[in-house]
There are 2 protein chains.
Amino acid sequence: MSGPTAIVEAPSPKKAPAPLNGVNTPGLFATIDVVKNQPQLAAFQFRAKGDWLNGTHVQTVMSDFSGAGGEHSHKAAYTANADHPLVLCGDDRGPTPVEYLLHALAACLTAGIANIAAARGITLHSVTSSLEGDIDLRGILGLSKDVRNGFSGMRVAFTVKGDAPDAKLQEIVQQACARSAVLDSLRNGVPISIQANV
Amino acid sequence: MSGPTAIVEAPSPKKAPAPLNGVNTPGLFATIDVVKNQPQLAAFQFRAKGDWLNGTHVQTVMSDFSGAGGEHSHKAAYTANADHPLVLCGDDRGPTPVEYLLHALAACLTAGIANIAAARGITLHSVTSSLEGDIDLRGILGLSKDVRNGFSGMRVAFTVKGDAPDAKLQEIVQQACARSAVLDSLRNGVPISIQANV
């Protein structure tokens with residue numbers, strides 16, 4: 001996927017190394033250049049459609065979104081299932097909703113690590129992560145007003161292997177954190193409006 | 001699934017209606033009673049293991065968690081895939097990480113609606129939701145320091161049909177919001193620590 005041709009085709013050869021780690025680095029740099037000149041292309045809207053199936057079993061479809069000045073569809077209409085576990089009287093037909101927050105965080109930070117490593121010309125061998133989230137269910141069970149409903153804390157531990165000195169790999173993880181949509185959303189909160197049509 | 005036997009077996013017959021909407025309501029009330037007397041059982045820890053596959057494609061496994069004084073495994077080790085879309089130079093092998101935030105929110109609120117409706121003896125016919133999240137990618141692309149990385153806002157629109165007056169159905173949605181782990185986490189933020197082993 002790499003080679004002189006790809007480098008020549010990239011708009012800024014010095015800034016855009018060849019594809020690496022499966023990342024289309026020239027395309028990524030070209031995208032950044034385009035958005036720099038047309039900032040309105042950066043406005044994206046992501047969407048999901050949820051459906052209650054039975055008990056606490058819910059299925060969501062994620063199929064289309066807008067951005068870069070147009071409408072887009074995923075290659076497939078992706079579905080995800082969630083449920084409460086047996087110990088909380090659910091049927092355990094999928095991960096719990098809160099586990100998807102851990103997944104979203106792992107996925108966002110790891111994708112960032114891959115993109116940033118490629119942009120810096122560093123070959124990655126592996127990136128694994130272990131995530132934990134603590135929650136005191138007295139909040140959602142209505143047993144204490146002093147206990148919040150959500151996670152009291154989340155922890156992420158990455159193990160990153162690649163062809164670079166340890167300090168460079170550490171910097172890549174730091175930069176992924178500095179540019180993560182999910183980390184910012186989860187750390188700093190998002191205004192959320194909810195309406196019910198009955 | 002309902003009937004006099006189930007009601008008699010429940011610890012607080014007046015508080016615990018029969019199973020409804022696929023929700024094991026007596027079990028849920030019994031669980032709340034047990035946790036009320038042993039609050040340490042409310043401490044849960046959810047976990048995920050992330051693996052970078054290629055490019056921005058990441059797979060997460062959610063298999064075990066602790067809570068109610070012990071270790072638990074899901075019926076299966078659930079996996080979820082995430083990727084960046086083609087328009088952002090990914091291979092689109094799954095939803096984007098941020099779409100999973102929408103899914104987590106839909107799933108948590110909908111499960112709450114189902115549980116609360118069952119606890120109030122209200123039969124639900126359908127619960128669907130439509131979610132949107134707005135994001136200006138100049139943040140994560142490093143093109144503006146004034147633009148946040150995460151969602152600037154999220155919107156949820158529920159359509160709830162059930163055997164109850166409109167006001168009762170509205171109250172159920174409000175109560176689900178008041179007791180949602182994901183809504184609280186996303187609205188109010190979570191302390192997150194990140195470490196990298198290289």
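Which residue of β6(B) does A:Thr159 stand opposite? A:Thr159 stands opposite B:Asn197, in a pairing where strand β5 (residues 153–162) of chain A and strand β6 (residues 192–197) of chain B run parallel and are joined by 6 bridges. Strands are DSSP runs of E with at least two residues, and helices are runs of H or I with at least four, numbered from the N terminus; two strands pair if DSSP finds at least two bridges between them.

This is a predicted model, in which local features need pLDDT of at least 70 and side-chain atom pairs count only at pLDDT 80 or more, while totals for chains, interfaces and linings use all residues. Residues are numbered from 1 along each chain as its sequence is written, and side-chain values use heavy atoms, without hydrogens and water.

Between the two chains, about 11000 Å² is buried (accessible area, 1.4 Å probe, lost on being put together and summed over both), with 62% of it on carbon and sulfur atoms. On the side of chain A, A:Phe46, A:Trp52 and A:Val198 lose the most area to chain B, together 8% of what that side buries.

There are 2 salt bridges between chain A and chain B (a side-chain nitrogen of Lys or Arg within 4 Å of a carboxyl oxygen of Asp or Glu); one of them links A:Arg148 with B:Asp184, whose closest N and O atoms are 2.7 Å apart. Helix α3 (residues 97–119) of chain A gives the most to the side touching chain B, with 17 residues, and the classes on that side of chain A are as follows.

| Class | Residues of chain A |
|---|---|
| Nonpolar (Ala, Val, Leu, Ile, Met, Phe, Trp, Tyr, Cys, Pro) | 65 residues |
| Polar (the others, Gly among them) | 42 residues |

How values were computed: Chains are lettered from A and ligands numbered from 1 in the order in which they are written.
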